[in-house]
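Good morning, colleagues, and thank you for making time for this presentation.

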Amino acid sequence: MRASPASFLRTAIAVTASVWALAAAASASADTGISFSVGDRDVSRVVSFGGACVRCELSGRNLSGAQFHGANFTSATLVGADLRGATVIGSNFASSDFTRADLRQAELVGTSFAGATFVDAHLGGVEAQGAVFSSADLTGANLTGAEMIGADFGNASLVNADLGQTEMFGANLSRADATGASFADAEMTGANLSGGVFVRASFRNAELHGARLTGGDFTRADFTGAELNRADIRNTDLSGARGLTQAQVSQACADDNTRLPSGLRGSQCRGRIGTGGGVVVAVPRPPQPPRPPRPWTISTQ
């Protein structure tokens, strides 16, 4: 059924107002390649971005369900923004600010958030395979239930972050500061935790098969119920860790430089011990950025 002229006019005015509101929030660089895909029902759920919008100001905006394909939003500000269910593929958000932003159930595949800020942000249930969070600040962030296979958290701050029940197969957390963080019930097979700070972190019931813990600080970390089959604990000080049992330690790969709680003894593993402790880790490659979306249109049908 074709809309009446009056209905079409009201829709056009509403859409135009929404588009101009978003455009006004962006910096001047937003004119280079940003396009919008706007429907009749809910503008925030169908906005699509491509191209570059460096240093955009989008704090507090409702971008739930928005799509970012091959977009460059370097150093953008999205403090408190609503990005629930957003799709962010092959894009660049390096050094952007997502403080207190809500990204629950968002898809962040193959996207760079290097040096970005996610303090107290909510990323529960996100899909972030192959995403880059190196040197990012995720202090107090909630990532429960997230799928982050092959994600890079090298040198990141995960202080007091909640990563419980996450899937972090082959993830890189080398030299990360995860003081007080929770990895309870996380799947961390083949993850690299070498040189990281995990003071008071919880690994209760986590799967750390073939994970590399070499040189990490695990003072008062809780390993109750954790699985450490062929985990690399060579040159690692676990003397201050809690919840470790002889059965767990016997499954891991230790050496003469491994320090364990009183009464526990480590054993060496036969064969080659590399990253992943012999577990083959296939880190997914970031996808190729798709073509920029078409300019926004108004359908009256």
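Let me begin with Arg234, which has a relative accessible area of 28% and therefore counts as partly exposed. Please keep in mind throughout that this is a predicted model. The side chain of Arg234 meets that of Asp232 in a salt bridge, with 2.9 Å from N to O. What is the relative accessibility of Asp232, and is Asp232 buried or exposed? The value is 1%, so Asp232 counts as buried.

Asp237 is partly exposed, at 33% relative accessibility.

Salt bridges with shared partners also join Asp82, Arg84, Asp102 and Arg104 into one network. Within this group, Arg84 bridges to Asp82, and their closest N and O atoms are 2.7 Å apart. Arg84 is partly exposed, with a relative accessible area of 38%, whereas Asp82, at 15%, counts as buried. In total, the structure holds 6 salt bridges.

I turn now to the disulfides. How many does the structure hold? There are 2, and with bonded cysteines counted along the protein chain, they follow the pattern 1-2, 3-4. One of them joins Cys53 to Cys56, with an S to S distance of 1.5 Å; both of these cysteines are buried.

The other pair is Cys253 and Cys269, with sulfur atoms 2.0 Å apart. Cys253 and Cys269 both lie in the segment after helix H3, which spans 246-251, so their bond ties together parts that are 16 residues apart in sequence. Why is this disulfide described as left-handed? The torsion about the S-S bond of Cys253 and Cys269 is about -90°, and the disulfide is therefore left-handed. Cys253 and Cys269 are each buried.

Next, the cavity. A search of the whole structure finds 1 cavity of 30 Å³ or more, and the volume of the largest cavity is about 40 Å³. Which residues line the largest cavity? They are Phe68, Leu78, Leu83, Val88, Phe93, Phe98, Leu103 and Phe113. By class, this lining comprises 8 nonpolar residues, with no polar and no charged ones.

Setting aside residues up to four places away in sequence, Ala101 touches Leu78, Gly80, Ala81, Ala121 and His122. Ala101 sits in the loop between strand E3, residues 87-89, and H3. Its relative accessible area is 1%, and Ala101 is buried. The C-alpha atoms of Ala101 and Phe118 are 7.4 Å apart in space, although the two residues are 17 apart in sequence.

Finally, Asn192 also belongs to the loop between E3 and H3. Is Asn192 buried or exposed? With a relative accessible area of 14%, Asn192 is buried. Apart from neighbours within four places in sequence, its contacts are Ala171, Asn172, Leu173, Ser174 and Arg212.

Thank you for your attention.

Notes
Residues are numbered from 1 along each chain as its sequence is written. This is a predicted model: local features need pLDDT of at least 70, side-chain atom pairs count only at pLDDT 80 or more; totals for chains, interfaces and linings use all residues. Side-chain values use heavy atoms; hydrogens and water are left out. A disulfide is a pair of cysteine sulfur atoms within 2.5 Å. Buried means under 20% relative accessible area, exposed over 50%, partly exposed in between (1.4 Å probe, protein chains only). Helices (H or I, at least four residues) and strands (E, at least two) are DSSP runs, numbered from the N terminus. Contact means heavy atoms within 4.5 Å. On a 1 Å grid over the protein atoms alone, a cavity is a set of points where a 1.4 Å probe fits but cannot get out, and a pocket is an open set with protein on both sides within 12 Å along at least five of seven lines; lining residues have an atom within 4 Å of a point. Grid points are joined across faces, edges and corners, and a volume is the space filled by probe spheres set on the points. Ala, Val, Leu, Ile, Met, Phe, Trp, Tyr, Cys and Pro count as nonpolar, Asp, Glu, Lys and Arg as charged, and the others, Gly among them, as polar. A salt bridge is a side-chain nitrogen of Lys or Arg within 4 Å of a carboxyl oxygen of Asp or Glu.
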